[in-house]
Amino acid sequence: MDTVLNQFSRLSSNLQNISFAKMLKMNDISASTQTHLKKTYMALCVGIIFSALGSYLHILFHLGGMATSIGCMLVYGLLASSRNERNWEFNTETFTKRVGLYLSFCALKGMSIGGLVEQALFLDPNIVLVAFIGTVLVFACFSGSALFAKRRSYLYLGGFLSSAMSVMFWMSIANMMFRSAAMYNVQIYGGLVLFSGYIICDTQMIIERAEMQGERDYLWSASQLFTDFVALFVRILIIVSRNARKGQSNNRRRENERRRRNGY
């Protein structure tokens with residue numbers, strides 16, 4: 001008994017000596033870059049909220065469609081072109097314009113996927129919540145691994161991801177003509193892996209641009225992570241919806257079999 005108590009006291013003293021600040025400290029990232037990352041993730045959270053509002057507007061008024069998808073790409077292009085404006089954060093007019101572009105991009109993106117969200121809510125309201133929580137967990141894990149890993153350790157993924165994205169693009173074009181279920185499954189599950197890798201690569205690219213080039217455009221950085229987040233959410237939502245639909249179909253079949261056996 002004394003041995004067990006001694007081991008427990010030793011373990012308790014070791015836990016007290018652990019500094020969680022040291023564990024979470026990003027040693028090879030400067031303080032200014034860490035501030036940039038905080039602003040980036042704050043802007044990402046606000047963008048996700050506006051995207052949810054966009055999906056809600058689609059559910060109410062059915063605004064989403066091809067027009068919002070095209071508008072989303074145009075606004076994203078305007079946001080990219082405005083990156084050339086220096087000291088935008090300290091210019092009230094430019095700052096307001098760029099924030100408006102970023103929030104419009106997020107809202108239009110939410111409207112564009114509003115139809116998919118509406119279908120999932122009609123099938124089961126819990127599906128969207130499950131998909132969102134799953135997306136947050138996956139995003140946090142992969143983004144966190146990029147933050148606390150050695151700098152530039154995952155940048156080599158960029159070439160592989162670009163090649164895979166090209167293959168997925170041509171596969172989607174082919175699937176529009178041939179309508180192959182197997183090809184569609186490859187797009188969904190392959191895209192899930194692909195954009196998980198993009199989360200890691202884009203996070204380290206944001207860090208590297210901030211460290212080497214002094215870039216502090218957190219709205220542009222947030223828009224890149226937001227694109228990865230939405231792409232991940234869409235695929236997880238499709239997977240969860242398909243599983244729920246199969247579950248409901250199996251339940252109906254079992255119910256019909258039970259009624260047939262009981263003579264109803």
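## Overall fold

The protein is built from 10 helices and has zero strands. Reading from the N terminus, its elements follow the order α-α-α-α-α-α-α-α-α-α. Please keep in mind that this is a predicted model. Of the 264 residues in the protein, 37% are buried.

## The largest pocket

The largest pocket holds about 1,200 Å³. Its lining counts 28 residues, and those closest to the pocket centre are Lys109, Ser172, Gln187, Val234 and Arg235.

H8 provides the largest share, with seven residues. Sorted by class, the lining has 18 nonpolar, seven polar and three charged residues.

## A salt-bridge network

The structure contains four salt bridges. One of them pairs Asp217 with Arg83, with 3.7 Å between the closest N and O atoms. This pair ties together distant parts of the chain, 134 residues apart: Asp217 sits in the loop between H9 and H10, and Arg83 in the loop between H4 and H5. Asp217 counts as buried because its relative accessible area is 6%, under the 20% limit. Arg83, at 30% relative accessibility, is partly exposed.

Asp217 also meets the side chain of Arg98 in a salt bridge, at 2.9 Å from N to O. Here too the link spans distant parts of the chain, with Arg98 in helix H5 and Asp217 in the loop between H9 and H10, 119 residues apart. Arg98 has 0% relative accessibility and so counts as buried. A further salt bridge joins the side chains of Arg209 and Glu215 (3.5 Å, N to O), and both of these residues are buried. Through shared partners, salt bridges connect Arg83, Arg98, Arg209, Glu215 and Asp217 into one network.

## Out on the surface

A nonpolar patch lies on the surface, formed by Tyr56, Leu57, Leu60, Phe61 and Leu63, which together have about 490 Å² of accessible area. Leu60 belongs to helix H3 (residues 31-61).

Ala67 is another residue worth a look. It lies in helix H4 and counts as exposed, at 63% relative accessibility. The C-alpha atoms of Ala67 and Leu108 are 9.4 Å apart, while 41 residues separate the two along the chain.

Terms used: Residues are numbered from 1 along each chain as its sequence is written. This is a predicted model: local features need pLDDT of at least 70, side-chain atom pairs count only at pLDDT 80 or more; totals for chains, interfaces and linings use all residues. Side-chain values use heavy atoms; hydrogens and water are left out. On a 1 Å grid over the protein atoms alone, a cavity is a set of points where a 1.4 Å probe fits but cannot get out, and a pocket is an open set with protein on both sides within 12 Å along at least five of seven lines; lining residues have an atom within 4 Å of a point. Grid points are joined across faces, edges and corners, and a volume is the space filled by probe spheres set on the points. Helices (H or I, at least four residues) and strands (E, at least two) are DSSP runs, numbered from the N terminus. Ala, Val, Leu, Ile, Met, Phe, Trp, Tyr, Cys and Pro count as nonpolar, Asp, Glu, Lys and Arg as charged, and the others, Gly among them, as polar. Patches are made of residues with over 30% relative accessible area and no salt bridge: like charges are joined within 9 Å, nonpolar side chains (Val, Leu, Ile, Met, Phe, Trp, Tyr) within 5 Å. Accessible areas come from the Shrake-Rupley method with a 1.4 Å probe; for residues, only the protein chains shown count as cover. Buried means under 20% relative accessible area, exposed over 50%, partly exposed in between (1.4 Å probe, protein chains only).
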